[in-house]
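Reader: I've just opened my first protein model and I'm a bit lost. Could you walk me through it, one question at a time?

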Amino acid sequence: MEDLIGPRLYSCYKCRNHVALHDHIVSKGFQSKNGRAFLFSHGMNMFTGPKEDRQMMTGLHIVCDVYCSDCKEILGWKYEKAYEDSEKYKEGKVVLEKYKIVKEHW
């Protein structure tokens, strides 16, 4: 009998709520205050906090924190607007901190 394994995905480290698909990773080269982070084209099962101007390592952006929809843990942030043309590719994308997510179905 063959096991049917779903897509490789990432879950919230606290409650195992599925929050992103491996196939949606845009970049693994991001940094947060707490270490490495991954840029995803989009996430799932999360909600956003209020938008705010935030000075990031790459300049000023409008971002909002993203929270797990189950346990309400902050998992990272979403880029709403980039002021620099070279940073526009981040708009609408989600950054999840590596230590806040765990691999599922690998």
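Reader: What volume does the largest pocket have?
Author: This is a predicted model, where local features need pLDDT of at least 70, side-chain atom pairs count only at pLDDT 80 or more, and totals for chains, interfaces and linings use all residues. Residues are numbered from 1 along each chain as its sequence is written, and side-chain values use heavy atoms, with hydrogens and water left out. A pocket here is an open set of points on a 1 Å grid over the protein atoms alone where a 1.4 Å probe fits, with protein on both sides within 12 Å along at least five of seven lines. Counting the space filled by probe spheres set on those points, the largest pocket comes to about 380 Å³.

Reader: Which strands each supply at least two residues of its lining?
Author: Lining residues have an atom within 4 Å of a pocket point, and there are 18 of them for the largest pocket. Strands are DSSP runs of E, at least two residues long, numbered from the N terminus. The ones you want are β3 (25-32), β6 (52-56) and β8 (74-82).

Reader: Is Lys100 buried or exposed?
Author: Lys100 sits in the loop between β9 (94-97) and β10 (101-104). Buried means under 20% relative accessible area, exposed over 50%, and partly exposed in between (1.4 Å probe, protein chains only). Lys100 has 7% relative accessibility, so it counts as buried.

Reader: With which side chain does the side chain of Lys100 make a polar contact?
Author: A polar contact is a pair of N or O atoms within 3.5 Å; within protein, one must be able to donate a hydrogen and the other to accept it, and residues adjacent in sequence count only if both atoms are side-chain atoms. For Lys100 the distance is 3.0 Å, and the partner is the side chain of Glu73.

Reader: How many disulfides does the structure hold?
Author: A disulfide is a covalent bond between the sulfur atoms of two cysteines, and here the sulfurs must be within 2.5 Å. Cys15 is in none, as the nearest cysteine sulfur, that of Cys68, is 3.5 Å away. The structure's disulfide count is 0.

Key:
Helices (H or I, at least four residues) and strands (E, at least two) are DSSP runs, numbered from the N terminus.
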